[in-house]
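Work through the exercises below with the sequence and the 3D structure in view. Each task is followed by its solution in steps.

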Amino acid sequence: ITNLDKLVEVDLSHNHLSAGSIPTFKLFLSKNRKLESINLENNFLFDVGGSQLVEEFVIYNRLEKVNLSRNGISTRTGRVLKELISINGPLVELYLHWNELDEESGKDIFLGLENNKKLKVLDLSWNYLGGKKPYTKIIASSIQKSTFLIHLDLSFCNFDREDSKILAEGFAQNHTIYVLHFEGNLGFINHKGFLILEDAED
């Protein structure tokens, strides 16, 4: 491939890059100042590779769209994702579905969101964010404060009735999210975009 330094978008999804590819990415990012979008979905990065890669994204600070879905990333990567989001760089879309992100990771990501004024699309579906109520309260608080996020996917994130009740309060105070996905949790989104619990049964 020629002109690697001029690439604006890279799609390497559904490969077997693993953590061993990180030095190559680091070299690539050091030579490219135009890359805006990278798709690394389903690449067996896991937490070691995912965290190292996101650390490089933080340094690079030029990406507008990142997809790290289906990589088995978890708590370690969640901490670095907090930094990536909170630096308030150009990142507009972040896709993280089907990973191993847990309650602590969710808390970290949404804490990062509190300082962010650029991110508009966040996909966290099919992770394990529910269960620890103090962390759910942090997520709800961040959602309430967010004035830039417009598309949020929290489908199948293990939120029970109590989690959903806490989140509903945050969603009710948010006036910018107009696409909200919550399937597979306790509760449903009504036609007005509110999270409703009254017809949901445990």
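**Exercise 1.** Among contacts in the chain between residues at least 6 apart in sequence, what percentage joins residues at least 24 apart?

Solution. Contact means heavy atoms within 4.5 Å. Of the contacts between residues at least 6 apart in sequence, 83% join residues at least 24 apart. The model is predicted: local features need pLDDT of at least 70, side-chain atom pairs count only at pLDDT 80 or more, and totals for chains, interfaces and linings use all residues. Residues are numbered from 1 along each chain as its sequence is written, and side-chain values use heavy atoms, with hydrogens and water left out.

**Exercise 2.** Find what radius of gyration the chain has, and compare it with that of a compact globule.

Solution. The radius is taken over C-alpha atoms, and the globule rule is 2.2 Å times the number of residues to the power 0.38. For 202 residues the rule gives a value near 17 Å; the chain has 17 Å, so the two agree. Along its principal axes, the C-alpha trace spans about 60 × 30 × 25 Å.

**Exercise 3.** State how much of helix α4 is buried, and what its buried residues pack against.

Solution. Helices (H or I, at least four residues) and strands (E, at least two) are DSSP runs, numbered from the N terminus. Buried means under 20% relative accessible area, exposed over 50%, and partly exposed in between (1.4 Å probe, protein chains only). Helix α4 covers residues 103-113, and nine of its 11 residues are buried. Among them are I109, F110 and L113. The buried residues of α4 pack against α3 (75-86), β5, α5 (133-145) and β6.

**Exercise 4.** Which side chain of opposite charge is nearest to D123?

Solution. D123 is found in strand β5, residues 121-123. Lys and Arg count as positive, Asp and Glu as negative; His and the chain ends are not counted. The nearest side chain of opposite charge is R70, 8.9 Å away. A salt bridge needs a side-chain nitrogen of Lys or Arg within 4 Å of a carboxyl oxygen of Asp or Glu. D123 is buried yet has no salt bridge. Leaving out residues up to four places away in sequence, D123 touches L94, Y95, L96, H97 and D153.

**Exercise 5.** Are F156 and C157 buried or partly exposed?

Solution. F156 is found in the loop between β6 (151-153) and α6 (161-172), and C157 is found in the loop between β6 and α6. F156 has a relative accessible area of 35%, so F156 is partly exposed. C157 counts as buried because its relative accessibility is 0%.
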